[in-house]
Amino acid sequence: MFILWLRHIVKTAAFRSYSLLSVLLRLVRHCQSILNGKEEDFREWPGGLALSSQPGTNLNQPDSEPAPPVSLAVPLLEAPLQSLHSQGSQPQMDTQHLQMIPGLHGGSNDAAFNADFPSNSSAPLMSNSVLELSIPKNNIQITMPSPLAAQGQTFDITLIPIIPRQINRYRRNVRVKTEFKVFLVQKGPLDCSEELYPIAGWEPLTQPEGALIFYHPYKRVFTDADARDPKTAAKLATAVEKAYKGACNADIFLHPSVELVLEFMMQAGKETWGYYFVDHKRRVIFWFEDYKSYPLMEGVRGVERKSHIKYALETQYWTHIELFPNKRSLPEDVAMELKELVMYTQADSITSATSLTRFTSDKIASMLSLIDLLKDSTNKECEHSVWIAARFMKNLCSTKFMNFCGQPSARLDVDQSLYEESDASKNMLFRAMNVILFGSPDAQSRAFHKILVDQNIVDARWKQYIDKLNSDWNGYTIFSTVMLAVDISFLAVPSIETQTPATLLSYMSTLCVMGSLIVTLLLVGHVNKSLRGSLTDGVSFLIGMTGSLLGLESFPFLLSLPFGLLIWGIVFFAAALSVVIFRTSGIAIISIAYPTWVAIVILAMWSVLAANHIHVGSLLRRWLRIRYRNTSQFIVYLWNRIIEQVSPTATTPSHV
């Protein structure tokens, strides 16, 4: 009897252990399939063990070489399940490092297990620290970490969609204590691991530029907010839960590699949290609600297709990678794609004078040299290399978006305007001032609109344009100084004092030359300072001038003042000199000076008219052609009238 009882006990224990082992193996294989980003099918081996139907990595070979990364996503957290602890009839498995998948099909925020488990096993886990799995004959309790749980605290969190460009990292201005204090370094090797240890699940990281960021590996969340503060951590927990719940309610499929970014913001004195999700497969950012973003558009007008706005979203994707490059590996195909783009950019800038590239030849050569060095960092966790690639790709994608890449109206030349040209800004006042200032405003306008195309500055030409302006201003300063000295010397001549017209014209010349000199100094001191800054500052300065009377043409008009006033100063001085010559000289001098003066005036007017596309020869030929045509028509008409009058008389029969 005892032997039968003992045999029954051993048989029952073996059966229960075998069933429990089969469940654990199914759980391990399913978690591994999800962590690898695949929804693998399962089949039953003889005996009931569930294994993947696809060939996979051997679990008995943990040291096998990992596969190279296929995207810039932070690798999914891979940690083995902890040992099974038996506690009575309810064994408990500690899975403190089990990966919590952000979401699956149907908007679930965490991992959904096999169909043998209850349907509610795919419910969000972030508010529950323990997940109960009902298994026949056994109850296994999987204890999940609850780093985001804000026990006893509730916050009314408002989530608003943002883009990575709106993360206010570079304008936080966090102040440090001004008091100088010598830091006490304790004996022994310095150990700062306590400060770098994850707090409440948030891991502090240092971005290549030096910024402190935080990453939650279980929920795949990045933030700039200081998660070491318990209150901030509690708010982050609520914001994360609300963001994933919003995606769930919107029926958005969240791939396991999807990342979430949260940014603390203040709007109208109210605390809000900006958010966006990142899809590494499509290289876009997205939200769980429809969103119109003015910063996303970058001032580009006429966007109508999804294939066009995709480049704007990809630009923000690379901005996200640039802001949070830690824990990422640079895939080899991304490095190759970047090299191809930069090589094309260099070839285009070499062979075309109207290349769309935003960089000068020197910058492109430096970029290529850096990209050649990136090949040694591919497929490795090197955040600096990832940051370099992201910065370059962001600029290249932004150029594609602004130039309508892949659209019927794609810009192919750098000075090609995509919008209907309007001469409304060149009103009658501008045209009148263009004549008064000898065509200088129109010449400055043409040069200016080769730099500012559709309210976007052409980077490659901007520096050359500014250098040319400074060179012109230096020349105007020298000429104005010389003319000012000439006018003062001319007024010092005793015989000039008795000639009122000459004195008045000399005064006018002096005033114009002084005006040219003052305007030039103001341009060098103030305008040049604004234009020498960043391109954003330059665009803001230029766009700010559109509110003036002449609109955007105010800036070319301003640049034309030194030249126009200097020319008027020379004209007035020439007039004063002419008055002196023709009123005080004899016949011999006048007979020589008069034709010389007429020739100079004709040549000067010729150059002014030619600069304004007015050619006297072509106008004269056109006038003669019209006169000849009109005269010929008049002669033909007159001849026809004479014939008409003579013909009836010649053809009328005589009556005898």
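A residue is called buried when its relative accessible area is under 20%, exposed when over 50%, and partly exposed in between (1.4 Å probe, protein chains only). The model is predicted, so local features need pLDDT of at least 70 and side-chain atom pairs count only at pLDDT 80 or more, while totals for chains, interfaces and linings use all residues. Residues are numbered from 1 along each chain as its sequence is written, and side-chain values use heavy atoms, with hydrogens and water left out.

Helix α7 covers residues 361–374, helices being DSSP runs of H or I with at least four residues, numbered from the N terminus. Within α7, the residues I364, M367, L368, I371 and L374 are buried. Viewed down the axis of α7, these buried residues fall within an arc of 110° (taken from the directions from the helix axis to the C-beta atoms), so they line one face of the helix. An α-helix has 3.6 residues a turn, so residues three or four places apart point the same way. The buried residues of α7 pack against α6 (332–351) and α8 (383–402), whereas the face turned away from the buried side carries the exposed residues D362 and L373.

Another buried position is Q444, which lies in helix α10 (residues 440–448) and has 12% relative accessibility. Leaving aside residues up to four places away in sequence, Q444 touches Y465, L469, P556, L559 and S560, contact meaning heavy atoms within 4.5 Å.

For a contrast, turn to W597, which is found in helix α15 and is partly exposed, with a relative accessible area of 32%.

Definitions and conventions
Helix = DSSP H or I, 4+ residues; strand = E, 2+ residues; numbered from the N terminus. Expected span 1.5 Å × (residues − 1).
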